[in-house]
Amino acid sequence: MLSQCAMENLIASYGDTSSDSESDSRPAIVVADNRSSPATALPPPPIDLLNSPKTFGTSSYWERNRGSRIRSFPHIEGNFALHVYIPVFIPSERKKELASFLKKATSLVRGLHVVDIDVPLLMLLKDEEKLVQAALGREFHISLGRTVPIRVHQIDSVVTMLRQKLQLSKQYLIDFTKWEVFVNDDKTRTFLSIENTAGGLAEITKQIQAVNEVYKLHNLPEFYKDPRPHISIAWAVGDISQSLKRVVDGEMNIRINAKGLSTRSMFRCKFSNIVCKVGNKTYNICGSQEQ
C-alpha cells in the first residue's frame, strides 16, 4: 500500500487532477457524457497572437489556454481523466480545401469555434493563413474509448494491459471521407467533424474493441456500441446539429455531383501510434517512452 508521501508524489507527477482531456465525441472542449455545469469561460485570446511564429504549433498559447470546458464527471481528489486515442495530422496539401468549407460553414452557421481553443472561427475568416494554422495545423484525435476518471492505483494496470493488447498494432492507412456532425451526450456541444468510413475503419474498430476489454476489466464504461471514428474540427454551444447538418449535407452533395464519388478520401494519413493520456501524463502505447 502506498504511503501518504508516496501517494502525494505520484499524484504530483500527473499534474492537476482537474485536468480535462479529449473524448470520443469531440476533443477537449467538452468531455464525453457531460452532466455538470460549465466551468468559468475564458475570454478569447487576442487574435494578434497568431501573427507571431512563436505562438504557432503545439507549444503555443492556443494549446496552453483551452476555453469553456465542461467536466463530464465531478472532481474528486486523486481522480485523473483517462483518454485513449490515435493522433492524427492533416496533410498540408489538403488543408486549403478543408479551410474553404470551414469558411462556408462559418458564414452560414454562426457560433463555431476552433476545437481545443476558445477562438471563434469568425475571427479567422479574413486571413486564410491564420485559419489554416489555428484550425487545421494541430494534432487531432480519433478516440478509442470514452474519457473517464480513474484512480491512481489503476494507472499502471490500465497502461500495461493496453500495451499488451495493442503494442503489436501494424501500420495502416486511414481515409477520412466525409464531413459529419456529432453532438455530445447531454447536447451541450455540437461538433463539426470529419469521419472515417473507408480505409482503416476495420483496424480502428478492432482497436476500440481491445480498449473496451481493458476498460471492462477495470469496471470502466465501454465505448459506443456502433463507433464512428472521426476527428472534430470545430464546435458550437448547444445542439445546433440540424442547421449544421444542412450545411454539411449540401457540401457532400456538391462533392458527389461534381466528382461522382461519395467516398473519395478527403485526406489520408498513416496510423503510427496509440496514445494513452492520464491527467497531464502521456503514454505511447505502440511507440516510444512516455512523456
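Is tryptophan 179 buried or exposed, and what is its relative accessibility?

1. Tryptophan 179 comes out at 2% relative accessibility, so the residue counts as buried. Keep in mind that this is a predicted model.

2. On the aromatic side, the structure holds four aromatic pairs. One of them joins phenylalanine 101 and tryptophan 179: the ring centres are 4.7 Å apart, the planes make an angle of 45°, and the pair is tilted.

3. Next, tyrosine 172 and phenylalanine 271. Their planes are at 10° and their centres 4.6 Å apart, so this pair is stacked. Both partners sit in loops: tyrosine 172 between α5 (152-166) and β5 (173-176), phenylalanine 271 between β9 (267-270) and β10 (275-278), so the pair ties together parts 99 residues apart in sequence. Tyrosine 172 and phenylalanine 271 are buried.

4. Back to tryptophan 179 and its surroundings. The largest nonpolar core has 66 residues, and Leu82, Trp179 and Ile231 are the ones that touch the most other members. Setting aside neighbours within four places in sequence, the contacts of tryptophan 179 include Leu98, Phe101, Leu102, Leu192, Ile194, Ile233, Val248, Met252 and Met266. Ser193 and Glu251 are among its contacts too.

5. One for the charge-and-ring list: arginine 146 lies over the face of tyrosine 224, 4.2 Å from the ring centre.

Key:
Residues numbered from 1 in each chain as written. Predicted model: local features only at pLDDT ≥ 70, side-chain atom pairs only at ≥ 80, totals over all residues. Heavy atoms only, no water. Phe/Tyr/Trp six-rings, centres within 6.5 Å; stacked < 30°, edge-to-face > 60°. Buried < 20%, exposed > 50% of the residue type's maximum accessible area, 1.4 Å probe, protein only. Helix = DSSP H or I, 4+ residues; strand = E, 2+ residues; numbered from the N terminus. Lys NZ or Arg CZ within 6 Å of the ring centre and 35° of its normal. Core = buried A, V, L, I, M, F, W, Y, C linked by side-chain atoms within 4.5 Å. Contact = heavy atoms within 4.5 Å.
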